[in-house]
Every structure is written in structure tokens, then in C-alpha cells.
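These are my notebook entries from a first reading of one model. I record what I looked up, entry by entry.

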Amino acid sequence: MAKRNRIIYWATTGFLAFGMLAQAFAQITHTKGYVDMIIVHLGYPLYFLNIIGIWKLLGVIAILIPGFKLVKEWAYAGFFFVMSGAVFSHLASGDPMKEIVPASVLLILIVVSCYSRPENRKIISVNQ
């Protein structure tokens, strides 16, 4: 059972890290298709890309390196807020489902990766 959980954790974390790195790169470099099709369409300012892109890059580093349990918690929370915001932004703007799927998949990966983390990567509650 522990081996299965480790495989689930690293598979989802790997895909999550890849997806967030790809988005961070597109956001920091202001990739033309990304800016035109998503950010301008949703009505967000362009400087917003730099902020989110840098935070995603730092979040990926935080979830991949050992230690820093509290930073990992914040990174997962930040990823969850950004990607749930993306899903709701697409829904609110009336985008078709094909535009909502990538953010939804990343949102699912965030939840599964966070939930399946090994105990040595979690903060232990005092009340347990």
C-alpha cells in the first residue's frame, strides 16, 4: 500500500510540476497565444502574468525539494487558489468546456498530490 501511495504521489506531483512550469514559462515570457487567447480574453492585466508566473515557479520548487513543510502547504494552497480561480474565470466568461479542462485537470492533480503526500512532507497537527 505504501508503494502504491508513493507512486500516486510522485506521478501526480510530476505532472503537476510540469503543468505549472509550462504555465509559468508561458506567463513570464508572455507567450503570444497564451496572452491573446486566455489573459486578454478573461480581462486580466498583463502584469498579472509576471506575478503569477514567478509564484508558480517558486511553488514548483517548494513542492519538489525536501523539507520546508510549511512552505509546501502554502504552495499547494496557492496553486489551489490560482487554478480554482482559473476554472471559475473560464466558467464566468462562458468559455467552452475545452478551455476549462486544462485548469480542471491541474486542480485535480493539486488535490491528489497534496492528499497523497508522504507523512514526512506534511505538517503534523498537534491535536492528532
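Predicted model: local features only at pLDDT ≥ 70, side-chain atom pairs only at ≥ 80, totals over all residues.

I then looked up where Gln 27 sits, and found it in helix 1, which covers residues 2-28.

Next I asked which residues Gln 27 touches, leaving aside those up to four places away in sequence. I listed Tyr 34, Leu 49, Asn 50, Ile 52, Gly 53 and Lys 56.

I turned to the protein as a whole. I noted five helices and zero strands, and along the sequence I read the pattern α-α-α-α-α. The radius of gyration is 16 Å, close to the 14 Å that the globule rule gives for 128 residues, so I recorded the protein as being as compact as a globular protein of that length. For its extent along the principal axes, I noted that the C-alpha atoms fill a box of roughly 45 × 25 × 25 Å.

I looked up burial for the whole protein and found that 34% of the 128 residues are buried. As for contacts between residues at least 6 apart in sequence, I noted that 66% join residues at least 24 apart.

The protein exposes about 8000 Å², of which carbon and sulfur atoms supply 75%. I recorded 11 positive and 5 negative side chains, with the centres of the two sets 13 Å apart.

How values were computed:
Residues numbered from 1 in each chain as written. Heavy atoms only, no water. Helix = DSSP H or I, 4+ residues; strand = E, 2+ residues; numbered from the N terminus. Rg over C-alpha atoms; globule rule 2.2 N^0.38 Å. Buried < 20%, exposed > 50% of the residue type's maximum accessible area, 1.4 Å probe, protein only. Contact = heavy atoms within 4.5 Å. Areas by Shrake-Rupley, 256 points an atom, 1.4 Å probe, with all protein chains shown as cover. Lys, Arg positive; Asp, Glu negative; His and termini not counted. Charge placed at Lys NZ, Arg CZ, Asp CG, Glu CD.
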